[in-house]
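These notebook entries record what I looked up in one protein structure.

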Amino acid sequence: MVALPNDQSQLLLIVKTLPIILLPLLDQKFRLVKVLESELPLDQFLKRNASSVRAMIASHATSVNADLLQLLRTLRMVVTSSAGVNQVDLAECRRRVVSVANVGNSYSKDVANMVVGLLIDVLRKAASDCYVRHGFWKVKGDFPLPHKVSL
């Protein structure tokens, strides 16, 4: 694992958006380079703004491949915001001495809870998820449950 010092000259490349609560915490320790806020093509943006990027946070949709790594020559760490690292060229990272980490099972319980809730919604043949998302509960009150899930 590569330790990054608390030094504002170190950059953290945000390839995809992060939960808004994390940004102030990261901003305290790193100068953030946010790719999505730029209208430039990725290669031009990185050449202009990311010459000293040491660490990168990448979502499941970000392909960390040889082409991207070539643009980030000072990169030493990739952290994915997903459980898997399928989008990361591990062999190329190993060759370039870039450490790779992921969130592991950090979200497993939350995802499982969401799946069970949606499954219950489907089993009840209800549309409670849509009901809540459209804000009907504010006007019409609690969602009426048409069926019990229990046998």
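**Entry 1: a loop residue.** I looked up Ser52 and found it in the loop between H2 and E3. Helices (H or I, at least four residues) and strands (E, at least two) are DSSP runs, numbered from the N terminus. Ser52 is partly exposed, with a relative accessible area of 30%. On this scale buried means under 20% relative accessible area, exposed over 50%, and partly exposed in between, with a 1.4 Å probe and protein chains only. I also noted that the C-alpha atoms of Ser52 and Thr74 are separated by 5.6 Å, although these residues are 22 residues apart along the chain.

**Entry 2: the source.** The model is predicted: local features need pLDDT of at least 70, side-chain atom pairs count only at pLDDT 80 or more, and totals for chains, interfaces and linings use all residues. Residues are numbered from 1 along each chain as its sequence is written, and side-chain values use heavy atoms, with hydrogens and water left out.

**Entry 3: the whole protein.** I recorded seven helices and five strands. From the N terminus on, the order of elements is β-α-β-α-β-α-β-α-β-α-α-α. Of the 151 residues, 27% count as buried. The accessible surface comes to about 10,300 Å², and 58% of this belongs to carbon and sulfur atoms; such areas come from the Shrake-Rupley method with a 1.4 Å probe, and for residues only the protein chains shown count as cover.

**Entry 4: strand E3 and its partner.** Why is strand E3 described as largely enclosed by the rest of the structure? Five of the six residues of E3 (residues 53-58) are buried, so the strand is largely enclosed. E3 runs parallel to strand E4 (residues 77-80), and four bridges join the two; strands pair if DSSP finds at least two bridges between them. Ala55 stands opposite Met77 in E4, and Ala58 stands opposite Thr80 in E4. From E3 the chain passes through helix H3 (residues 66-71) to E4 in a right-handed β-α-β crossover. Right-handed means that, with the strands pointing away from the viewer, the path from the first strand over the helix to the second runs clockwise.

**Entry 5: from E4 to E5.** E4 is also parallel to E5, with three bridges between them. Val78 has Val100 in E5 as its bridge partner. E4, H4 and E5 form a right-handed β-α-β unit.

**Entry 6: the nonpolar core.** I next looked up the largest nonpolar core, which has 18 residues. Such a core is a set of buried Ala, Val, Leu, Ile, Met, Phe, Trp, Tyr and Cys residues joined through side-chain atoms within 4.5 Å. Among those with the most contacts inside the core are Leu13, Met56, Leu72 and Val78. E3 gives the most to this core, with three residues. Leaving out residues up to four places away in sequence, Leu72 touches Leu13, Leu46, Ala50, Val53 and Met56, where contact means heavy atoms within 4.5 Å.

Entry 7: Arg96 lies in the loop between helix H4 (90-95) and strand E5 (99-101). The side chains of Arg96 and Glu92 are joined by a polar contact of 2.7 Å, that is, a pair of N or O atoms within 3.5 Å; within protein, one must be able to donate a hydrogen and the other to accept it, and residues adjacent in sequence count only if both atoms are side-chain atoms. Val97 belongs to the loop between H4 and E5 and is exposed, with a relative accessible area of 59%. Val97 has a positive phi of about 60 degrees although it is not a glycine.
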